[in-house]
Amino acid sequence: MRIIKETNINFMGMTKAAIIGSVILISLGIISLIIKGGPKYGIDFTGGVSLGLKFEQPIRVGEVRSILSGIGFGNSEIKAFATGNEILIRLQQQEDMDLISNKIIEELRNKLANNPFEIRSKDTVGPRIGSELRNDAIKAIIISLILILIYISWRFEFRFAVGAVVALFHDVLITLGLFSIFNFEVSLSVVAAFLTLVGYSLNDTIVVFDRIRENLKVMRKESSLTIFNKSINQTLSRTILTALTTLFVVTIIFFFGGEVIHGFSFALLVGIIVGTYSSIFIASPVAYAWYLRSEAKAGLAVR
C-alpha cells in the first residue's frame, strides 16, 4: 500500500532547519531539567508505597485526598481508574512505609465505612532498591545504545551506526525533556517505553539506511546527495504508513488508557513522532555528512 507516490523532496536541503528545531527542543528540555533539579522520579526509583484500592461504589479523588490530608498525607499522588471505583495512592519515601500504608488503609476504612473497598495491590520500594533500579535503568539504556552501535556497524558501516545512535540520543533527550516540561514522572514503565521507542526509531532508521545502501550500489553515476534524497523519498510512504498506524493505537491508549499508564503512553506517543522525524532529518543527514567526510579522507571526488 502506498499513500504517497513519486515524491522528490530535498530532505538533505532541510537539514539546517531541522537541526535548529531539534537544538531548540533539546535546549528547552535541558533547561527544564536544570531548573527542576533533574527528572521527576516516581517511587519506583525514589522509594515509597503504592496502594491500589477497589471500592464497591464510585469514589472521588478529592474525597480521598481530604481524608488523607487529615492524617498528614495530603500530598499523596492519587490517580483514579477509568472504572470510577478504583484508585491508586502513591506516597514518596517515608521512614516506615508499612506502618504508613496500614494507617492510610485504616483511616479510609473508618471514614468510608459506607463504601467498603478491597486492596488490589500494596507495593513498597525501599530507597536503596529505588536507587539501584535507577542506576540499572540508566545502564540498560547505555548498553542498548552500545549494542546498537556495534550491530549497525557490522550490518551496515560505522558511519551509518553513528547516524543511528545520534538519532537515538536525540529521541531520548527530547522525550526526557518533554517529561520534565510537562512534569510527568519517570517510572520503570516509562523506562520500558524509552527502550521501546529506541527500538521503534532504530527500525525506521534501518529501513531508510537499507535503501541508501542499495542505491549506493546501483546508482553509481548519481551524486551522493541525490542518492540519499532518492532513498528517503522511496521509503517515505512506508515510513508514514507505519508511523500513522502505530500512532493511532498509542493515541487511543494515551487518551483512554487511564492515569496509571499515562506516562508510558505519553513516552510512546512522543517517541513515535520524534523517532519518525529523526530517521529522516537527523540519522540520514549525519550518515550523509560522515559519508562525505570519509570520501574526502579517501581522496575521492565528492559526487
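Predicted model: local features only at pLDDT ≥ 70, side-chain atom pairs only at ≥ 80, totals over all residues.
Residues are numbered from 1 along each chain as its sequence is written, and side-chain values use heavy atoms, with hydrogens and water left out.

Now to the pocket. Its lining divides into 15 nonpolar residues, no polar ones and one charged (Ala, Val, Leu, Ile, Met, Phe, Trp, Tyr, Cys and Pro count as nonpolar, Asp, Glu, Lys and Arg as charged, and the others, Gly among them, as polar). The largest pocket has 16 lining residues, and Ile138, Ile141, Val172, Leu176 and Phe194 lie nearest its centre. Helix H5 (127–155), helix H6 (158–181) and H7 each supply at least two residues of this lining, with the largest share, six residues, coming from H5. Helices here are DSSP runs of H or I with at least four residues, strands are runs of E with at least two, and both are numbered from the N terminus.

An axis is a line fitted to C-alpha atoms, for helices over the stretch in contact, and angles run from 0 to 180 degrees between N-to-C directions.

H7 has another neighbour to visit. The axes of H7 and helix H8 (residues 224–256) come within 9 Å and cross at roughly 150 degrees, which makes H7 roughly antiparallel to H8.

Back in H9, look for Val270. Val270 counts as buried because its relative accessibility is 9% (buried means under 20% relative accessible area, exposed over 50%, and partly exposed in between, with a 1.4 Å probe and protein chains only).

Our last stop is Asn183, in the loop between H6 and strand S6 (185–186). Asn183 is partly exposed, with a relative accessible area of 43%. Its phi is near 65 degrees, a positive value in a residue other than glycine. Most residues other than glycine have a negative phi.

Terms used. 1 Å grid on protein atoms, 1.4 Å probe; cavity = no way out; pocket = protein on both sides within 12 Å on 5 of 7 lines; lining within 4 Å. Parallel < 35°, antiparallel > 145°, perpendicular 65-115°, else oblique.
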